[in-house]
Amino acid sequence: QSFGLAAGAVLGNFVTGVVTIALLFIGNISPPSRASFGGFVAVMYIGFPVTVISQLSTSPMLDRLAPIDQRGYVQGIFTTLLNFGNAFAPWALGLLADTFG
């Protein structure tokens with residue numbers, strides 16, 4: 001049985017969530033140590049390439065789900081939302097960092 005585009009997107013998003021949670025937990029270890037830094041770097045560099053699965057499988061999944069005459073529109077909406085997220089997230093995270101330290 002084939003893995004499929006939707007399963008790739010779900011798996012990629014699940015792994016992204018697990019890696020993000022692991023990084024948050026490791027980053028909050030107090031007091032910081034060389035071991036926690038090493039663990040953070042290892043999880044980040046081992047986990048990040050796997051998270052790319054969701055990025056690579058989302059567009060083909062949308063192409064398969066959208067009607068043929070709406071594929072460009074759906075990809076445009078998807079890209080627009082990604083770009084808004086990329087533009088908004090640094091500002092929002094900066095506000096959080098300024099507010100909570």
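I looked up Val10 and found it exposed, at a relative accessible area of 57% (buried is under 20%, exposed over 50%, partly exposed in between, with a 1.4 Å probe and protein chains only). Val10 lies in helix α1. I note that helices here are DSSP runs of H or I with at least four residues, numbered from the N terminus. I also checked Val10 against Gln75, 65 residues along the chain: their C-alpha atoms are 18 Å apart.

I remind myself that this is a predicted model, where local features need pLDDT of at least 70 and side-chain atom pairs pLDDT 80 or more, while totals for chains, interfaces and linings use all residues. Residues are numbered from 1 along each chain, and side-chain values use heavy atoms, without hydrogens and water.

Next I looked at how α1 and α2 are placed. Their axes come within 7 Å and cross at roughly 155°. That makes α1 roughly antiparallel to α2 (the term applies over 145 degrees). I logged the crossing as left-handed (the near helix is turned anticlockwise from the far one by less than a right angle).

Which residues make the nonpolar surface patch? I listed Leu11, Phe14, Val18, Val50 and Ile53, with about 410 Å². Patch residues have over 30% relative accessible area and no salt bridge, and nonpolar side chains are joined within 5 Å. Helices α1 (5-27) and α2 (34-65) each give two or more residues. The largest share, 3 residues, comes from α1.

Last, I checked Ile53, which sits in α2. Ile53 counts as partly exposed because its relative accessibility is 31%.

How values were computed
Patches are made of residues with over 30% relative accessible area and no salt bridge: like charges are joined within 9 Å, nonpolar side chains (Val, Leu, Ile, Met, Phe, Trp, Tyr) within 5 Å. Accessible areas come from the Shrake-Rupley method with a 1.4 Å probe; for residues, only the protein chains shown count as cover. A salt bridge is a side-chain nitrogen of Lys or Arg within 4 Å of a carboxyl oxygen of Asp or Glu. Axes are lines fitted to C-alpha atoms, for helices over the stretch in contact, and angles run from 0 to 180 degrees between N-to-C directions. Angles under 35 degrees count as roughly parallel, over 145 as roughly antiparallel, 65 to 115 as roughly perpendicular and the rest as oblique.
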